[in-house]
Amino acid sequence: MSSTTSRRGFVKSAALAGLGLSILPSGIVFSKNKDRKARLGFIGVGLRGQHHLQLALQRDDVEVLAICDVQQRMIDMSKDLIKKSGKRMPLVIMEGPYGYRRLLENKDIDAVIISTPWKWHAEMCIDSMNAKKYVGCEVMVGTTVEECWQVVHAAERTGMPLMMLENVCYRRDVMAVLNMVRQNLFGEIVHVQGGYQHDLREVKFNDGKQPYGGGVEFGEGAFSEAQWRTQHSVHRDGDLYPTHGIGPVAMMIDINRGNRFTELVSYSSKARGLHDFIVKRGGENHPNAKVKFKLGDVVTTMLKCANGETALLQHDTNLPRPYSLGFRVQGTEGLWMDINNGIYLEGKSKKPHEWDNAQEWLDKYDHPLWKKYGNDASGAGHGGMDWFVMHAFVEAVKRKIPTPQDVYDAVTWSVITPLSESSIHLGGETVEFPDFTQGKWMHRKNEFALNDDY
Ligand SMILES: NC(=O)c1ccc[n+]([C@@H]2O[C@H](COP(=O)([O-])OP(=O)(O)OC[C@H]3O[C@@H](n4cnc5c(N)ncnc54)[C@H](O)[C@@H]3O)[C@@H](O)[C@H]2O)c1
């Protein structure tokens, strides 16, 4: 950059700073005004979308301007929530699969929350950024490597911030451990683990009244996720849901901010769980007993990092098991594991070679944001972390500042799925991990959850 250009840039930035505004490399002007309202549109108001809608309706700093879906039942459930909240009924759009584009035409909408099935996310994110909306998208933002690149290019071209609403980054124990990592309690981090270990065999009924119940139906006759999610287990084999496991630990090892994933390898076990479940519940003659499931019951993925750490992820959704994300964060001074709620810190734990109850440490190192907002978050979904992810997004929209998790996080965590599919397809070959930041990871700073407000 010539000195004239950089001086001109400096003068402009200084003038904007005087007005409470700042400018990003993309050219987008950010204001720090936190007192305005965030005006949101909701694309997809199924069970997850309704959950976000409810959180948004509870906030005085949010106006819901439009909701959009393709199913009457989900629209009706959402309208009930809005009526109960006492807030104004927004524009309701149900105009087929591309009806959301009408929502995007509304210039008053600052931001969209996308909670549709996975196959829609990349296209909806790109359309929304092109329409100059902030994007909060449910996990994950792309189902192929190509889609992930398209999302990055759209974000870079439009300058619009995109946040994948990865709520587990805000789980209370995870944030306390992040705090401990930053205070060097575990020493230099060497290895991290996480995953999605959740028995999802029991799908939801569509009996018109009771949305939950143990069934073996999936596809059109089912309800909510069972309409589309189970189908992925029929024709895909890979880590289908990596972001809850990888997001939190990626923040602890500065991925895309001084570190990056360089390669990945995945193996999958045999597929038995879903078939066994269908036969047990529905009998051998149930039509779904004939379905051949491709997804291995336990998919194990290893990632290598530029700074030498390893990360292990497990996807385990089709066997009987209690829920656990299976976190482990391990460094030269000790480790945390969530499965046994244990922490061991050499020279600091009560006894050598014995676990301390992690809770004592987690309470001591409770993250400042949880100390500040724990009461506001209580009662919100998934132990309160859903409140935090919505809060962080809304604060960014209101202040017109970058979101705390950005587009590079979103694609890096999402792309694990297609990469693990490739690795498994190639018989366990190591595949290269794309650098979506194109070198910027070397200079970016990790500022996640480091300010007082969000
Ligand atoms: N972060 C979490 O803890 C968490 C929890 C549950 C679900 N999720 C994610 O949320 C997303 C949605 O899951 P869900 O459980 O709400 O599923 P769901 O099936 O209940 O909801 C999806 C909704 O999208 C609607 N839809 C489909 N195509 C559409 C289109 N073209 N335009 C507008 N609406 C459309 C459907 O009619 C449905 O109402 C998924 O990505 C899922 O993985 C995340």
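Which residues of helix α12 (residues 368-377) are buried? In this predicted model, select α12 and display its side chains: Leu369, Trp370 and Ala377 are the buried ones. Viewed along the axis, they cover an arc of only 75°, and therefore lie on the same side of α12.

Proceed next to helix α6 (residues 145-158) together with helix α14 (residues 407-414). Their axes are 10 Å apart and the packing angle is about 180°, so the two helices are roughly antiparallel to each other. To see the contact, select Cys148, Val151, Val152 and Ala155 on α6, and Val407, Val411 and Ser414 on α14. By class, six residues of this contact are nonpolar and one is polar, while none is charged.

Finally, centre the view on the ligand. The shell around it holds 26 residues, of which Gly44, Gly46, Arg48, Glu138 and Ser224 come nearest. Colour α2 (47-57) and α5 (118-130), the elements that give two or more residues to this shell. The largest contribution is that of α2, with three residues. Colouring the shell by residue class shows 12 nonpolar, 10 polar and four charged residues.

Terms used: Residues numbered from 1 in each chain as written. Predicted model: local features only at pLDDT ≥ 70, side-chain atom pairs only at ≥ 80, totals over all residues. Near = placed C-beta within 6 Å. Helix = DSSP H or I, 4+ residues; strand = E, 2+ residues; numbered from the N terminus. Nonpolar A, V, L, I, M, F, W, Y, C, P; charged D, E, K, R; others polar. Axes fitted to C-alpha atoms, helices over the stretch in contact; angles between N-to-C directions. Parallel < 35°, antiparallel > 145°, perpendicular 65-115°, else oblique. Contact = placed C-beta atoms within 7 Å. Buried ≥ 20, exposed ≤ 12 C-beta atoms within 10 Å, placed from the backbone. Arc of directions from axis to C-beta.
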